[in-house]
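Open the model in your viewer and get ready to select residues as you read. The tour starts with the whole chain and then moves in piece by piece.

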Amino acid sequence: MTELSIFLEAFHFLRPLWLLLVPLIVIVWWWVRRPVQRGARLAEGIAPHLREALTVGRAQRRRVLPIDSTAAILLLAALGAAGPSWSRQPDPFAAQSAPAVIVLAVTTGMEQTDLAPSRLERGKQKIRDFLDLRAGARTALVAYAGTAHVVLPMTEDAQVMVPYLEGLSPEVMPREGAVAGEALALAAAMLAEETAPGGILFVTDSLDPADVAPLNASAAPLAVLSMRPEGSRDRGLDALSVPVVEVTPDRSDIRRLDGLLNAAYRRAQLDDVDQPWEDRAHWLAWPAALILLLSFRRGWTMRWAAIAGLTLLLTPQGARAEGIADWFLTPDQQGRIAFENKHYDRAADLFVDPLWRGYALYRDGQYDDAVLVLDRVETAEAAFLQGVAQIKGRHYRDGVRAFETALARDPDYPGAAENLETAQRIVAYVEAAQLASDTGEDQGIGADEEVYDNESGQGEETLREAADAGGGGLLTADQWMNTVDTRTEDFLRMRFALEAAQPPQDGDGAAQPAAPAPSEGGQ
């Protein structure tokens, strides 16, 4: 389903009774224009040379008259009053892009250099572009060669995925091959756990013919980014019925793939009866304003005494017009435009509404500021968002309190109970880990210098001074970190090898995350 078909299916008017003014405006326009048309018909009965001599002001006669521009403005006003709409209002607590699972082929064939610097590196670059385009959307990463592995489960932080993406190479994969069908099963299993419909993006240069049928039968929307040079063919890719997009030097391929994967999500948003329709009447104000400029032309004879009064109504008293946008849009409207364009920092500066401002700060990663702003709003939505921001900021106990507040204000608020339970598990997990690692007090070490989000006092995080050289004491934190090998590729190689040696779990072999991550409402 294309964006155009979705638009045509969803387009309607929220207040259709205002459309009754349209025929009335057309009748008035025709009635006012009649004298001009009648004069032209009467002149047709006069000889051409006499008509030319008797006609005054023929050169100045206009084809477009003031009544035409006035009628156009009134028609646009009537259509705007009718409330054209073709989309739902976005949920401030839900991502505006579909969840997606990126499946990357990490095979020896992807190391060919016919796409500089190589097919694999170009594929990684395209995945980073895809993540930038979908900033804030839930995305997961799967890699496959002779085995398929979940590199990273669903996350909203694209920066977390980048180091894992860079560490992927054929050397870290346990076996050679190309089991795209197994990778598809892993991706489908992760999408099945999402509350919103999502899509799967395959980034590969070839496909085994045996995997064509499973990909064509995918229940989730699926698209393939072909990492092959222009003009080259592959038997498996050519047999696919799902969209296959060839890689391009610019981002046009990524934008097309994003539109394909978002189609089902857009359709699901239209079916969400809990969200009101978004009134798009303001779009018609711009052409009406441009036509209104004709009223200031010299010789334009129609004048309206109410124009001055209308201008006063459109300009709020006491407002400072610091730019053209301030003449037509309120700060909240300007903030909404910046928010929809993913300029969250600017949106936070523009919004006056504390709920939207707090959400913009949250999306920009300013979690502590978001919590402070949301204190002004005493609703379940605000408390829920505070809880998610506290968890993101690693203030787990404050997150527990915020979710409890959300449930106190609305016991049925979606996702609040689940997130409260998750936050409580995180607190217990952190405190248990700290308790298990606490040995400082038994050795007579002094009071702790730092305790991390541990109000109950279970376990301590103690910073110890380095022992004298040769004394066999404990290492400092910096010395200990220097002894740890943090190369991502080595970590992935070891993890993939362990997973390949184990029997499949839950039928897909997917590695499950060790610690729970809180979900956001509607995502």
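What percentage of the residues of the protein chain count as buried? Of its 523 residues, 37% do, where buried means under 20% relative accessible area, exposed over 50% and partly exposed in between, with a 1.4 Å probe and protein chains only. This is a predicted model, in which local features need pLDDT of at least 70 and side-chain atom pairs count only at pLDDT 80 or more, while totals for chains, interfaces and linings use all residues. Residues are numbered from 1 along each chain as its sequence is written, and side-chain values use heavy atoms, with hydrogens and water left out.

Color by secondary structure: the protein chain holds 22 helices and 8 strands. These are DSSP runs numbered from the N terminus, helices being H or I with at least four residues and strands E with at least two.

**First stop: the sheet.** Select β3 to β8. The 6 strands form an open sheet with mixed pairing, in the order β5-β4-β3-β6-β7-β8; two strands pair if DSSP finds at least two bridges between them. Now zoom in on β3 (residues 100-105) and β4 (residues 139-144), which pair in the parallel sense over 6 bridges. Pick V101 and you will find A140 of β4 opposite.

**Second stop: a helix among helices.** Select α18 (residues 380-392), whose 13 residues reach 18 Å from the first C-alpha to the last. Because 11 of the 13 are buried, α18 is largely enclosed by the rest of the structure. Among the buried ones are F384, L385 and I391. Show α16 (354-363), α17 (367-374), α19 (396-409) and α20 (416-436) to see part of what covers them.

**Last stop: two of the covering helices.** Keep α16 and α17 on screen: they pack at an angle of about 170° with their axes 8 Å apart. That makes α16 roughly antiparallel to α17, a term for angles over 145 degrees. Their contact (heavy atoms within 4.5 Å) includes L361 and Y362 of α16 and V373 and L374 of α17.

Technical notes:
The expected span of a helix is 1.5 Å times one less than its number of residues. Axes are lines fitted to C-alpha atoms, for helices over the stretch in contact, and angles run from 0 to 180 degrees between N-to-C directions. Angles under 35 degrees count as roughly parallel, over 145 as roughly antiparallel, 65 to 115 as roughly perpendicular and the rest as oblique.
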